[in-house]
Amino acid sequence: MKSRKISFAACSVAFTCWGLPLYAQEVLPKPEPPFKGKIGRTYKESQPDKIPITKALASAPNVLVVLIDDVGFGGWSTFGGQIPTPNLDRLANMGLRYTRFHTTALSSPTRAALLTGRNHHSVGTGVITEMGSGYPGYSGQIPKSAAMVSEILRQNGYGTAFFGKNHNIPDWETSVSGPYDRWPALQGFDHFYGFVGGETNQWAPGLYRDNQPVEMTIPKGKEGHYTLNDSLADEAINYIFHQKSVTPDRPFFVYYAPGATHAPHHVPKEWMDKFKGQFDQGWDKYREETYKRQLKIGVVPPNTKLTPRPKEIPAYDSLTPDQKRVAARLMEAFAGFTAQTDYEVGRVLDALEQIGQLHNTLIFWIIGDNGASMEGTPYGCFNESAALGGIPEDPAYIVQHLDEIGGPNAYNHYPVGWAWAMNTPFQWGKQIASHLGGVRNPMVIAWPDRIKDQGGLRTQFHHVIDIAPTILEAAKISEPNEVNGAKQKPIEGVSMMYSFDKANAEGTRKVQYFEMLGNRALYKDGWMASVRHGRLPWTLGTYDFDKDTWELYDLAHDFSQGNDLAAQYPDKLKEFQNAFWGEAEKYQVLPLDDRLTERIADTTLRPSLIAGRTTYTYYPGTVRVPYSSAAQLTNRSYTITAYVDVPPGGSDGVLVAEGGVPGGYVLFIKDGRPTYESNYAAQTRYKVTSSEVLASGPNVIRMEFRYDGGGLGKGGTVILFVNDKKVGEGRLAKSAWGRFTLEDFDIGEDSGSPVSNAYASPNRYTGKLKKVVIDTQPPSLTAAEQETLRNMEREARLATE
């Protein structure tokens, strides 16, 4: 038989040999081309060259990545859920449904993996940035050696924009002081409109345009009916229209991550009312019904087992009548939020269709950055901040506020049982990376110009790190080995494009590790070894790694992890355990660390803007200071002093505020009288008002809080002074032990939602505010109390991601 020579020159960038792209690696930015004109002494004897401009290939598609927040496999109708999602249905009918797609089990890590194409530990995001520590896999800083796909696309001729949730900025870099290296503008996005952090108030979000704080503009006539979901869709549509008007031949990359449907489950009442009475059957029955629908539409194999309810989750029938009323209404809010989210993404799809770009757009619609959130407590909550702070909410209290759920006065989250139901047919949910309820998220990919098996189903095992290389292959762009002077780590994902044409194509992802907060697993060749590491998402506690119990599943024949085979195949289990350690070492997972309390509370593990400070001086215009960079006032005595000039006729407004509707504190002036108010989890309001009206001219307003001590969140005495004269005194029976909400610290206004119901935000001060000085004392806590505080803060932080 004659040998044949294969010409690699014949394999151009538009083709592949042996199924692998042969685009040569390159350096970005690309070298400036040499001048090819002619230069004489004057223009008459000279010949100019063309000014170089980077253009994408004519065949390069637009790219739209939609990432929904905190959703499981069994919520959306496209994958068997009860909540109608007609726009995802529409996209699935023109594209492909992927039923074995996986995330990392937590928000920030999944987003880092998606945008870089590397495993989350490989890019320093093994956990949330607020838990950053000095290990490579846990620094909270995405390294410059892992350029985001947005930057690669931008330097290859794409317009780029980011709308929604950004939870990949290190905690200590989120203030106005920057640095801005890890903000969107320096990670490849020409435009950013959204919020920074794990969650936001949908009615009064803390937004940024690029890196400048802005308020959400509510169109006239839509007051009370317009939330962040609407605003993000409006902004995305405006960008697409504008970009295609100016550069119709330039493809775009839009990353659309709305932050829905993360708690708080805020949505206009008309959306909630569509689902009134539809969840009265409870979560146990819902799982049975959803499982039957999933079997019927074929998104789970016929032999799939419906996994049983864990003993730690209460049976719905065990709830009291009031608990059932609350649980049903909280689920109606989540369903309305979901339906609204589907509708708003549908508006973006409509916009693409309107301008003739839908068919040339590669769309990834990922239903969840992790499984549904199990952080809403066993019975749900009206105010998530209260629940996270260990402040009980009696069902009777929530029943009194039933009609406010979903609205601007609520901060609601549904019960654990509903999260478990949203993850049908799997075990567990968000944070639990060892089990599919935490990591198996449905996805739809559509590209009408390219994908011909419209409405098809794909069952290859893939991971969120596979999105970036799929985009690059679709755009015919090579993986760079250097970006902006930084040598690049190899992309660890694999392209999924091979699956577009052939439903039964052999999957290319053979191995994938999972690890989150000590929960860990290894997938290899159709099998998966899993170990849940003790702590439940709604509980406290630390556990011994040596006491972990591993499980083993044959995922090729057990779609839902319903049959543990560890006892039958001990040798295979041992093989997988050893293989996990190899992957863990390779991808910077080590050291495993469940000291979550210390990592949250010990600010010496990472940079801090306030370490060692006891006096803080703030000047006018200081707004949106993150909690971690603002004066720390809990569990201690402190003094707030405001220096103002009151104009003739008086002046009102906020002097200093932190928090919002769910809780916080504020020093403000109303009707000329200084007032201090502590909003304790929206349940109790403590207010001290000056007995005197401020005179015109310079005034010094001082508020002293004298903490009682004796433990966490104790009470104290508030004393108000004006020009050193005592003008008011009152008692706080109790105070917040930790963070009030995720809303920020402001001087001269109260951005976001209002701390007090005595005014509407932002309630800017109308006089001249010169400065505000805050003096603090060390926390009045014993060593044991400090340990308790660290536990509570850690738990609260995790639940917001």
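Start your tour at Q588: select it and you land in the loop between helix 14 (570-586) and helix 15 (596-601). Keep in mind that you are looking at a predicted model. Check the backbone here, and you'll find that phi of Q588 is near 70°, a positive value in a residue that isn't glycine. Is Q588 buried, exposed or partly exposed? Its relative accessibility is 25%, so Q588 counts as partly exposed.

Next, jump to N723. This residue sits in the loop between strand 29 (716-722) and strand 30 (725-732). Phi of N723 is positive too, near 55°, and again the residue is not a glycine. N723 has a relative accessible area of 41%, so it goes down as partly exposed.

Now for some prolines. Select L28 and P29 together: the peptide bond from L28 to P29 is cis, with omega near 0°. P29 belongs to the loop between strand 3 (27-28) and strand 4 (62-67). Then hop over to T424 and P425, where the peptide bond is also cis, with omega near 10°. You'll find P425 in the loop between helix 10 (416-422) and helix 11 (436-439).

Time to head inside. The largest nonpolar core has 77 residues, and L64, F163, Y256 and W365 are the ones touching the most other members. Which residues are in contact with W365, leaving aside neighbours within four places in sequence? Among them are V66, I68, W76, L349, P442 and M443. There's also a second, separate core of 51 residues, which includes L67, A112, I451 and I491.

To find it, select W203, P408, V661, S753 and P754, which lie nearest its centre among the 39 lining residues.

Last stop: colour everything by pLDDT. The chain averages 93, and 93% of its residues reach 70 or more. Residues 1-22 are another story, with pLDDT staying under 50. For that stretch the model has 13 contacts beyond four places in sequence.

Technical notes
Residues numbered from 1 in each chain as written. Predicted model: local features only at pLDDT ≥ 70, side-chain atom pairs only at ≥ 80, totals over all residues. Heavy atoms only, no water. 1 Å grid on protein atoms, 1.4 Å probe; cavity = no way out; pocket = protein on both sides within 12 Å on 5 of 7 lines; lining within 4 Å. pLDDT = per-residue confidence, 0-100. Contact = heavy atoms within 4.5 Å. Core = buried A, V, L, I, M, F, W, Y, C linked by side-chain atoms within 4.5 Å. Buried < 20%, exposed > 50% of the residue type's maximum accessible area, 1.4 Å probe, protein only. Helix = DSSP H or I, 4+ residues; strand = E, 2+ residues; numbered from the N terminus.
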